[in-house]
Amino acid sequence: MNTDLWEYRPGSHPAADLSLIGYEVHATDGPVGRVEQDAGDHLLVDASTWVPGARVPVPAGLVARIDHLDLAVHLDCPRARLSSVPSAAEDLTGPRPH
């Protein structure tokens, strides 16, 4: 992992004055849930419809595009990828690959 996982890709960042709270989040293989918190470097998603009671951190680097008309965030990964994402703190303090 590297810090790029926690930064929006060029062109995928939402407009500064728009919150993504309430937007639906879609992975490549189906819906994940609804954005509960927009923390800048990640989205906290209520994934109860996918995994009952789950709240999933989605790093900004996994966002492929944001559709403001449909209020949707589209990721470029399957849902299974989200279960192996470290927290931002773990990623920034953990060992770096060479």
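Modeller: Let us begin with D67, which is buried yet takes part in no salt bridge. The nearest side chain of opposite charge belongs to R65, 4.1 Å away. A salt bridge requires a nitrogen within 4 Å of a carboxyl oxygen, so R65 does not qualify as a partner of D67. Please bear in mind that the model is a predicted one.

The side chain of D67 does have a polar neighbour in the backbone: the nitrogen of D70, which it reaches at 3.0 Å. Leaving aside residues up to four places away in sequence, D67 touches Y23, A72 and H74. D67 itself lies in strand β5, which covers residues 63–67.

Strand β5 leads us to the sheet. Six strands form an open sheet in the order β4-β3-β2-β1-β6-β5, with mixed pairing. Its edge strands are β4 (55–59) and β5, each of which pairs on one side only. On average, neighbouring strands of this sheet are turned by 35 degrees against each other, direction ignored. One of the pairings joins β2 (residues 30–38) and β3 (residues 42–46), which run in the antiparallel sense over four bridges. Within it, R34 has D46 of β3 as its bridge partner.

V58 counts as buried because its relative accessibility is 1%. Leaving aside residues up to four places away in sequence, V58 touches H42, L43, V45, L75 and L82. The C-alpha atoms of V58 and V45 are separated by 7.1 Å, although the two residues are 13 apart along the chain.

Side chains of opposite charge can pair when their charged atoms come close. A search of the whole structure finds four salt bridges. One of them joins E36 and R55, whose closest N and O atoms are 2.5 Å apart. This pair links distant parts of the chain, with E36 in strand β2 and R55 in strand β4, 19 residues apart. E36 is partly exposed because its relative accessibility is 33%, whereas R55, with a relative accessible area of 51%, is exposed.

Another salt bridge is formed by the side chains of R9 and D76, at 2.3 Å from N to O. Here too, distant parts of the chain are linked: R9 lies in the segment before β1 (24–27), D76 lies in the loop between β6 (72–75) and α1 (79–82), and 67 residues separate them. Both residues count as partly exposed, R9 at 32% relative accessibility and D76 at 37%.

The side chains of D29 and R79 also meet in a salt bridge, at 3.7 Å from N to O. D29 is in the loop between β1 and β2, while R79 is in helix α1, 50 residues apart. D29 is partly exposed at 42% relative accessibility, and R79 is partly exposed at 22%.

Finally, consider the protein as a whole. It has two helices and six strands, and from the N terminus on these elements run β-β-β-β-β-β-α-α. Buried residues, D67 and V58 among them, make up 39% of the 98 residues. Among contacts between residues at least 6 apart in sequence, 50% join residues at least 24 apart.

Technical notes. Residues are numbered from 1 along each chain as its sequence is written. This is a predicted model: local features need pLDDT of at least 70, side-chain atom pairs count only at pLDDT 80 or more; totals for chains, interfaces and linings use all residues. Side-chain values use heavy atoms; hydrogens and water are left out. Buried means under 20% relative accessible area, exposed over 50%, partly exposed in between (1.4 Å probe, protein chains only). Lys and Arg count as positive and Asp and Glu as negative; His and the chain ends are not counted. A polar contact is a pair of N or O atoms within 3.5 Å; within protein, one must be able to donate a hydrogen and the other to accept it, and residues adjacent in sequence count only if both atoms are side-chain atoms. Contact means heavy atoms within 4.5 Å. Two strands pair if DSSP finds at least two bridges between them. Axes are lines fitted to C-alpha atoms, for helices over the stretch in contact, and angles run from 0 to 180 degrees between N-to-C directions.
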